[in-house]
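Walk me through this complex. Begin with how its elements are named, then go from one chain to the other.

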Amino acid sequence: MTTAIAVQGLRKSYGKALALDGLDLAVRAGEVHGLLGPNGAGKTTTLRILLGLLRADGGTVAVLGMDPWRDAVALHRRLAYVPGDVELWPSLTGGEAIDLMGSLRGGLDRRRREELIRRFDLDPTKRCRTYSKGNRQKVALVAALAADAELLVLDEPTTGLDPLMEAEFQACVREAKSAGRTVLLSSHILAQVEALSDRISIVRQGRVVESGTLDDLRHLTRTTVVARTRLPADEVAGMPGVHDLRSEGGEVRFDVDGEHLGDVMAALAGLGIVTLVSRPPTLEQILLRHYSSRAEGAHGREATTA
Amino acid sequence: MRAAARSSTAPGPRGPATLANLGRLLRFTLRRDRWGILAWSLGTALSTVAVPLSYVGLYPTEAQRGLLAQTLSSPAAVAMMGVNHAVGDYHYGAMTAHQMLFFTGILVAVMSALTVVRHTREEESTGRSELVLSAAVGRHAPLVAALLTALAANAAVGLALALSLGSVSAEGIDWSGAWLYGAAHVAVGMSFAGLAAVAAQLYESARGAVGASLAAVGLAYLVRAVGDVAGNGLAWLSPLGWAQATRVFVSDLWAPLLPAVAFTALTTAIAAHLNSRRDMGAGLWAARPGRSRAGRALRTPVGFAWRLHRGAALGWSAANLVMGAMYGAFLDDIESMLAGSDVFERMFGSDVFQDLVVGFGAVIAAVMAAIVAAYAVLAGSRPRSEELAGRAEPVLSTGLSRAGWLGSHALVVAFGSLLVLAAGGLGLGLAGSASLGDWSVLPRFTAAVAAYTPAHWVVLGVVVALFGAAPRAMPLAWGVVGLSFVVIYLGDLLRLPAWLRGLSPFEHVPGLPLEAFDARPLLALTGVALALLTLGLVAFRRRDVPA
């Protein structure tokens with residue numbers, strides 16, 4: 001099977017509030033797929049529908065070839081989920097909670113459990129009520145990563161973890177990928193998604209507005225160019241796709257849309273390039289461009305804070 | 001920088017530092033509770049006023065009222081409703097106070113305990129108070145604000161009672177009595193508010209603090225029952241006993257309310273002391289390290305559910321065992337009380353005492369079963385609190401089906417109901433046989449209480465059905481418990497119609513050991529419970545989680 005998750009035209013509303021407005025998503029088997037978006041964009045709602053916890057109002061969903069609402073249990077045996085806000089049973093210890101989740105999923109790898117507890121520096125004898133948010137997150141991560149699941153569904157899995165643990169988490173996701181597992185990673189930590197994801201989908205107001213590899217997305221956005229040329233380069237300002245051109249001390253600085261980059265470079269070459277620096281857009285710029293256009297596209301939907 | 005500059009110009013908090021910003025906090029808690037306070041006040045006042053108004057029609061002549069007073073001086077009635085201070089002249093005021101005071105007194109006690117725990121331990125265990133206390137708020141301010149909110153709620157209830165009763169024109173009801181009646185409720189409510197404030201310091205979870213407070217209310221009712229039947233002054237250990245001692249509408253004594261004032265002050269001081277000695281979020285007892293691996297039982301859905309319900313099931317069983325034992329322990333008091341009456345002996349012969357004691361046992365069994373029906377609602381609501389806390393989601397995204405998860409909880413609570421009731425019956429039977437010196441009553445009393453298990457299952461079925469079909473409406477399940485209580489407590493006195501009584505599952509249980517055992521109604525109740533459970537499981541399969 002090449003497609004792990006196939007979602008078309010997904011719709012969901014809570015009363016009058018529209019959460020998902022025709023969302024499409026395709027995750028290939030064996031890839032790490034990043035789901036990016038501001039708070040309230042519909043990421044968690046999407047994941048809950050993929051898990052069969054919520055029922056979609058419209059659209060089609062297939063996860064590992066199954067309908068998550070109808071085949072919830074059969075599907076759940078093949079996946080592991082880490083919620084964004086991990087709540088545990090106050091009277092159970094962390095170790096008991098890990099084993100409990102593992103046995104409900106249908107078994108977990110003992111050796112990997114011990115190894116992960118060590119790597120995440122977790123004390124499994126403490127009661128869950130004494131755990132900090134970060135430690136509760138670690139319990140859920142250990143339980144999910146130690147399970148023999150084909151698909152990992154992770155909803156902002158590292159909020160509350162320190163940078164050392166974040167690095168450990170990234171190593172674990174890479175290992176999961178090389179073991180052939182599929183990972184759907186919802187996050188708003190750009191560096192994490194940039195470092196881990198094979199492909200990325202950007203969610204905004206209940207739709208996927210952009211989807212592809214990081215390179216694909218870069219192609220769609222502007223590259224920043226700083227150049228010094230022998231002849232004055234001001235004429236570049238009039239070319240299609242060039243934005244925000246400033247020139248000072250014989251140096252021009254401008255942004256150019258991905259699809260016009262070639263033409264602009266050819267024009268610059270004709271002017272005699274002395275120095276040239278071009279910077280590909282970071283994921284952050286890609287996101288900011290999508291998020292900041294939120295105000296334009298919002299027709300009466302509630303404003304959300306990013 | 002900006003914030004620092006602004007706070008230096010803003011008016012600083014007045015009063016002692018540990019109470020800083022109390023006023024602002026109090027306004028906030030009152031605002032959160034205002035509709036609840038209105039509902040409690042109207043509910044208490046309306047249900048109280050309905051009693052004298054309906055009694056005027058039900059018992060119009062003095063002779064009828066005298067007969068009723070005589071009926072209500074049986075030990076079983078004294079245990080339930082307390083001492084009748086006006087046997088000679090049982091007017092409408094005396095009737096109302098005698099039959100309603102404990103009923104509404106327990107209601108305001110529960111209201112006060114819930115209010116205090118909601119604004120103290122619940123805020124703390126959810127982490128909200130961390131946010132509040134990190135602002136310029138004094139250490140004791142949340143505790144004092146919670147107690148003052150409870151005081152406001154009690155004052156509102158007391159005022160509503162006084163104003164509504166005062167305006168009833170019926171023989172024996174006057175304004176001075178009405179004011180005292182309202183004040184007695186404030187006294188009871190605040191006593192338990194203080195007690196709940198202490199419990200909120202001792203327990204790390206709001207559930208634990210509420211459970212301990214409700215257990216204290218039950219104990220207060222029980223201690224007073226034992227004291228009233230034995231006539232030994234034990235009732236003075238109970239806030240409900242203080243309220244009863246006012247002899248409201250008969251002698252109108254205010255002095256018995258003084259112990260309530262002292263008790264409230266004392267418990268408040270203890271709570272404040274504990275509050276200043278412990279860390280935020282902590283209870284009195286430090287946590288010990290536990291197992292690093294799950295045992296085999298925890299790895300099954302039913303074992304997991306049992307683990308979550310174990311503490312409550314065993315706690316309720318122990319409490320019910322004690323309650324049964326306390327009722328059982330004074331069965332010989334009843335026997336000797338009746339034996340002392342020549343009239344009875346001449347009229348019925350001595351054999352009749354055995355029957356009367358057995359009849360008393362049947363009434364006690366019904367009362368005990370109705371009280372612990374709260375267990376079925378509280379424990380049956382556990383799946384909802386798991387869902388709301390976000391703990392259901394990770395479990396339901398594993399290989400465990402929704403029906404398996406909810407069914408495991410229901411199965412464990414159904415077993416818990418049996419356990420709680422059997423423990424109560426055992427306590428009643430053991431202490432009863434010991435005090436009567438007759439071991440033949442042990443199995444009879446145990447069976448009498450345990451026979452109510454199918455009625456509890458129906459209550460549980462209602463809870464599960466609501467959880468599946470309309471989770472936001474789950475508090476309605478308390479209506480079944482409330483109705484059952486009213487039917488057992490006041491069904492005969494109010495002459496409630498048969499169809500209304502029939503809605504209470506408890507009404508269909510044969511009143512052992514007085515009545516003969518009949519399995520058919522018990523099987524019918526079990527069938528109803530299973531139907532409700534199935535409805536809940538099917539509806540839960542079709543709804544969103546969380547909803």
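Helices (H or I, at least four residues) and strands (E, at least two) are DSSP runs, numbered from the N terminus. This is a predicted model: local features need pLDDT of at least 70, side-chain atom pairs count only at pLDDT 80 or more, and totals for chains, interfaces and linings use all residues. Residues are numbered from 1 along each chain as its sequence is written, while chains are lettered from A and ligands numbered from 1 in the order in which they are written.

Confidence comes next. The predictor gives the complex an ipTM of 0.80 and a pTM of 0.75. pLDDT is the predictor's confidence in each residue, from 0 to 100. For chain B its mean is 88, and 93% of the residues of chain B reach 70 or more. Residues 1-13 of chain B have a pLDDT below 50. Beyond near neighbours in sequence, this stretch has three contacts in the model; two residues are in contact if their C-beta atoms, placed from the backbone, lie within 7 Å.

Now chain A. Six of its strands form an open sheet in the order E5-E6-E7-E3-E8-E9, with mixed pairing. Two strands pair if DSSP finds at least two bridges between them. Strand E5 (79-82) and strand E9 (207-212) of chain A are the edges, each pairing on one side only. On average, neighbouring strands are turned by 15° against each other, direction ignored. Look at strand E6 (residues 151-155) and strand E7 (residues 182-187) of chain A: they pair in the parallel sense over five bridges. A:Leu151 has A:Thr182 as its bridge partner in E7(A).

What packs on the sheet? Helix H6 (residues 163-178) of chain A does, touching strand E3 (32-36), E6 and E7 of chain A. The direction of H6 makes about 150° with that of E7(A). Axes here are lines fitted to C-alpha atoms, for helices over the stretch in contact, and angles run from 0 to 180 degrees between N-to-C directions.

One backbone detail of chain A deserves a look. Most residues other than glycine have a negative phi, and most peptide bonds are trans. A:Leu64 has a positive phi of about 50° although it is not a glycine. A:Leu64 lies in the loop between strand E4 (58-63) and H2 of chain A.

Next, the interface. In all, 31 residues of chain A are in contact with 27 residues of chain B. Helix H2 (72-76) and helix H3 (94-105) of chain A each supply at least two residues of the side of chain A that touches chain B. H3(A) gives the largest share of that side, eight residues.

Chain B is assigned two domains: domain 1 (19-49 + 100-283) and domain 2 (297-547). The bounds come from an automatic or database domain assignment. The C-alpha centres of domain 1 and domain 2 of chain B lie 27 Å apart. Eight residues of domain 1 of chain B are in contact with nine residues of domain 2 of chain B. On the domain 1 side, the largest share, seven residues, comes from helix H10 (residues 206-230) of chain B.

How far apart are the end C-alpha atoms of helix H20 (residues 402-436) of chain B? They are 50 Å apart, which agrees with the 51 Å that its 35 residues should span at 1.5 Å a residue. The expected span is 1.5 Å times one less than the number of residues. Just after H20(B), B:Gly437 takes a positive phi of about 65°.

Finally, the peptide bond from B:Leu512 to B:Pro513 is cis, with omega near -5°. B:Pro513 sits in the loop between helix H24 (498-502) and helix H25 (519-541) of chain B.
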